[in-house]
Amino acid sequence: MSFSGKYQLETHENFEPFMKAIGLTDELIQKGKDIKSISEIEETGDHFKVTVTTGTKVLTNCFTIGQEAELETLTGEKVKSMVMREGNKLKVSLKGIESVTELADANTIVNTMTVAGIAYKRISKRI
C-alpha cells in the first residue's frame with residue numbers, strides 16, 4: 001500500500017502532556033489542541049515528501065528511506081535523522097522523540113510519537 005494522499009486529523013490522544021514534554025508553551029498548546037491538521041504525503045519509490053498544515057503553520061519534510069536527511073521537528077528545530085521502513089510503518093527518531101507512522105488500512109494513518117514515556121497518538125483519515 002502507498003502512503004500517498006491527503007489525510008485529515010480525526011482524533012488524537014495525550015496531546016497536551018506530550019506537547020508540554022517537548023517544550024511547547026501553554027499558549028501554543030491551547031492554540032493547537034483543537035486544530036484538525038492536514039497531512040499530505042507524496043511517495044515516489046523510496047522518496048517521500050510530507051507536508052503537515054496546522055492552522056497557519058506548514059511543516060514540510062523530504063526524505064529517502066534509509067538515507068540521512070535534515071528533518072524539522074514539531075518545535076521547529078532541524079535535526080539530521082534517518083527514516084526506516086518496516087512493511088507498512090515508517091520509523092524515525094528525532095531528538096529523543098520516537099515516531100512511528102503506520103498505514104493502518106487504505107484510508108487511515110496512525111502516527112504515534114513517544115517522548116519520556118508519553119505516547120501521543122494521532123489518527124488521520126484520507127480526504
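**A close look at the sheet**

Reply: Let's begin with one stretch of the chain: residues 5-22 are 39% helix and 50% strand, with the end C-alpha atoms 28 Å apart. Helices (H or I, at least four residues) and strands (E, at least two) are DSSP runs, numbered from the N terminus. An unreviewed UniProt entry annotates residues 5-22 as "domain: Cytosolic fatty-acid binding proteins"; such annotations may be inferred rather than shown by experiment. Please keep in mind that this is a predicted model, where local features need pLDDT of at least 70, side-chain atom pairs count only at pLDDT 80 or more, and totals for chains, interfaces and linings use all residues. Residues are numbered from 1 along each chain as its sequence is written, and side-chain values use heavy atoms, leaving out hydrogens and water.

Now to the sheet: nine strands form an open, antiparallel arrangement in the order β4-β3-β2-β1-β11-β10-β9-β8-β7. Two strands pair if DSSP finds at least two bridges between them. β4 (57-64) and β7 (84-86) each have a single partner strand, so one side of each is left without a neighbour in the sheet. From one strand to the next, the twist averages 25°, using axes fitted to C-alpha atoms and angles from 0 to 180 degrees between N-to-C directions.

M84 is partly exposed, at 39% relative accessible area (buried is under 20%, exposed over 50%, partly exposed in between, with a 1.4 Å probe and protein chains only). Leaving aside residues up to four places away in sequence, M84 touches I65, G66, K89, L90 and K91, where contact means heavy atoms within 4.5 Å.
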